[in-house]
Amino acid sequence: MTDKDTNGYDDEEMTVELELEDGQIVNCAVITILTVDKKDYIALLPLDENGNNDDGEVWFYQYEENENDPHEEPKLTYIDDDEEYDNVADAFDEYLDSVEFDEIIDKQNEQ
């Protein structure tokens with residue numbers, strides 16, 4: 001039986017290791033994958049060595065999966081274009097608003 005709160009997934013947080021231009025490896029929690037203007041983007045929460053994020057900074061990257069090989073690692077691409085980045089940030093804000101709304105509705109239904 002699946003728990004409706006986890007959508008069938010366990011409570012373990014999905015993470016990815018991201019190598020920065022300077023060679024530093026950063027472990028990031030996957031927040032969500034968004035589709036904006038027919039492209040997929042991933043929102044990542046960079047974590048410190050203790051698995052925490054104290055500043056609330058979120059990173060956005062273009063996200064591509066190989067449809068022909070589902071086992072291949074997804075490709076993350078840095079967003080160079082300011083307008084594209086702003087569109088993704090706006091979509092992420094809308095996502096956060098919908099999550100907050102869903103949480104409010106869930107709490108009301110529990111009462």
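View 1. K39 is partly exposed, with a relative accessible area of 37%; partly exposed is the range between buried, under 20%, and exposed, over 50% (1.4 Å probe, protein chains only). This is a predicted model, in which local features need pLDDT of at least 70 and side-chain atom pairs count only at pLDDT 80 or more, while totals for chains, interfaces and linings use all residues. Residues are numbered from 1 along each chain as its sequence is written, and side-chain values use heavy atoms, with hydrogens and water left out. K39 forms a salt bridge with E84, the closest N and O atoms being 4.0 Å apart; the term calls for a side-chain nitrogen of Lys or Arg within 4 Å of a carboxyl oxygen of Asp or Glu. The pair links distant parts of the chain, with K39 in strand β3 (residues 39-46) and E84 in helix α1 (residues 82-110), 45 residues apart. The structure holds one salt bridge.

**View 2. The open sheet of five strands.** Here the strand order is β1-β2-β3-β4-β5, with antiparallel pairing. Two strands pair if DSSP finds at least two bridges between them; strands themselves are DSSP runs (E, at least two residues) and helices are H or I runs of at least four, numbered from the N terminus. At the edges stand β1 (15-19) and β5 (75-78), each with a single partner strand, so one side of each has no neighbour in the sheet. Five bridges join β1 to the antiparallel strand β2 (residues 25-36), and V16 has C28 in β2 as its bridge partner.

**View 3. F60 meets F92.** These rings form an edge-to-face aromatic pair, 5.3 Å centre to centre and with 65° between the planes. Rings of Phe, Tyr and Trp (its six-membered ring) pair if their centres lie within 6.5 Å; planes under 30 degrees apart count as stacked, over 60 as edge-to-face and the rest as tilted. F60 lies in strand β4 (residues 59-64) and F92 in helix α1, so the pair ties together parts 32 residues apart in sequence. F60 is buried at 8% relative accessibility, and F92 is buried at 6%. Together with Y85 and Y95, F60 and F92 form one aromatic cluster.

**View 4. Y61 and Y78 across two strands.** This aromatic pair is also edge-to-face, with 6.3 Å centre to centre and 65° between the planes. Y61 lies in strand β4 and Y78 in strand β5, so the pair ties together parts that are 17 residues apart in sequence.
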